[in-house]
Each structure stands twice: as C-alpha cells, then as structure tokens.
Amino acid sequence: MGLFDKFKQGSKDMIKSYDKVKLNQKLSYEELHEIMKAGTYPCGEPRLTGKGIMHCIQFPPVDKYVIQVALSGTTVTITKIYNGVGGILKETVGDAVTGGWYNALNGENIDLNQMTRIVGEELSRLCGEKGLLKTA
C-alpha cells in the first residue's frame, strides 16, 4: 500500500464508522455467529446477544464503544455504538468543548472505526471461503 493509499484509508477511518458485507443469501444470527467464531479479531471474541428484533452480535466493550454486527436481509452491517449512557455523555461533552470536532480528533474513535473495517474484512474473508459473498 502506497503513501497516498495509506492517507486515503486514514482519512476514511477518521470519518466512516461502519462497514458492510453483502451476502448472496440470508443468514440467521446463529449461522452468522458460527461463521464469525472461526475468525480472529483485534476487539475480542464475538458473542450473540439479545432476543427478537434486539438480536445482534457484539464484541466486548472498548471504553465508550461496542462493535456491533447486525443483519438486514443479505446485508451485514458492522458499526460502533455507544457503550451505555456514559459513552454518550463523554461524546457529547467532547463535542461541546471542541465545537463538534471531537469525532475527527478522537484517537479512540479512529481506532474503533479501523476495527469496524478490520472486522468487515475478516467477515468478508470467512464468508468468501464458504461461498456466501455476493459477487458484483
């Protein structure tokens, strides 16, 4: 990866807080979790949480964020969400102090954005091995 590519990826990680993986068929959360358990992730092991419409796959919390994996039809969305009310408060205070620049300047935010991308890449690899990735 060249210098320009690294800069381009770094600027994306500063702003983009989600990643998507397109599948060629619908999966249940249980099936997706089984596939994900075979992967290696920098944010820990995925675990199945919730019931009904609140069903999702989450990774262990990292300070004020949690990496969450959600299914919608054949699309898997990996995003970071706040880890409870404390996470929302930290972000709100940070935005108030920095005039809205907190997200862009917060190193933790950038690290978690990178983790969503890494989880997406690993999930794409695992689904590709099973022939589940949607091709063009």
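The chain's accessible surface comes to about 7,900 Å², and carbon and sulfur atoms hold 59% of that. Keep in mind that this is a predicted model. The chain has 136 residues, and 38% of them are buried. Among contacts with a separation of 6 or more, 59% link residues 24 or more positions apart.

**Strand S4 and its partners**

- S4 covers residues 65-72 and is mostly covered, with six of its eight residues buried.
- On one hand, S4 pairs with S3 (residues 56-58); the two run antiparallel and are joined by two bridges.
- Isoleucine 57 has valine 69 in S4 as its bridge partner.
- S4 also pairs with S5 (residues 75-82), again antiparallel, through eight bridges.
- Here glutamine 68 stands opposite threonine 79 in S5.

**The two hairpins**

- Six residues sit between the strands in the hairpin of S3 and S4, and aspartate 63 takes a positive phi near 50° there.
- The hairpin of S4 and S5 has two residues between its strands, and in this one glycine 73 is the residue with a positive phi, near 65°.

**Leucine 32, in a helix**

- Leucine 32 belongs to helix H2, which spans residues 29-36.
- Its relative accessibility is 0%, so leucine 32 counts as buried.
- Leaving aside neighbours within four places in sequence, leucine 32 is in contact with Leu27, Ile57, Val69, Leu71, Val76 and Leu123.
- Two of those contacts, Ile57 and Val69, are also bridge partners of one another.
- Leucine 32 and cysteine 127 are 95 residues apart along the chain, yet their C-alpha atoms are separated by 9.0 Å.

**Threonine 79, in a strand**

- Threonine 79 lies in strand S5.
- Why does threonine 79 count as buried? Its relative accessible area is 19%, and the cut-off for buried is under 20%.
- Not counting residues up to four places away in sequence, threonine 79 touches Ser17, Tyr18, Val66, Ile67, Gln68 and Thr116.
- Gln68 is on that contact list, and glutamine 68 is also the residue standing opposite threonine 79.

How values were computed
Residues are numbered from 1 along each chain as its sequence is written. This is a predicted model: local features need pLDDT of at least 70, side-chain atom pairs count only at pLDDT 80 or more; totals for chains, interfaces and linings use all residues. Side-chain values use heavy atoms; hydrogens and water are left out. Helices (H or I, at least four residues) and strands (E, at least two) are DSSP runs, numbered from the N terminus. Buried means under 20% relative accessible area, exposed over 50%, partly exposed in between (1.4 Å probe, protein chains only). Contact means heavy atoms within 4.5 Å. Two strands pair if DSSP finds at least two bridges between them. Accessible areas come from the Shrake-Rupley method with a 1.4 Å probe; for residues, only the protein chains shown count as cover.
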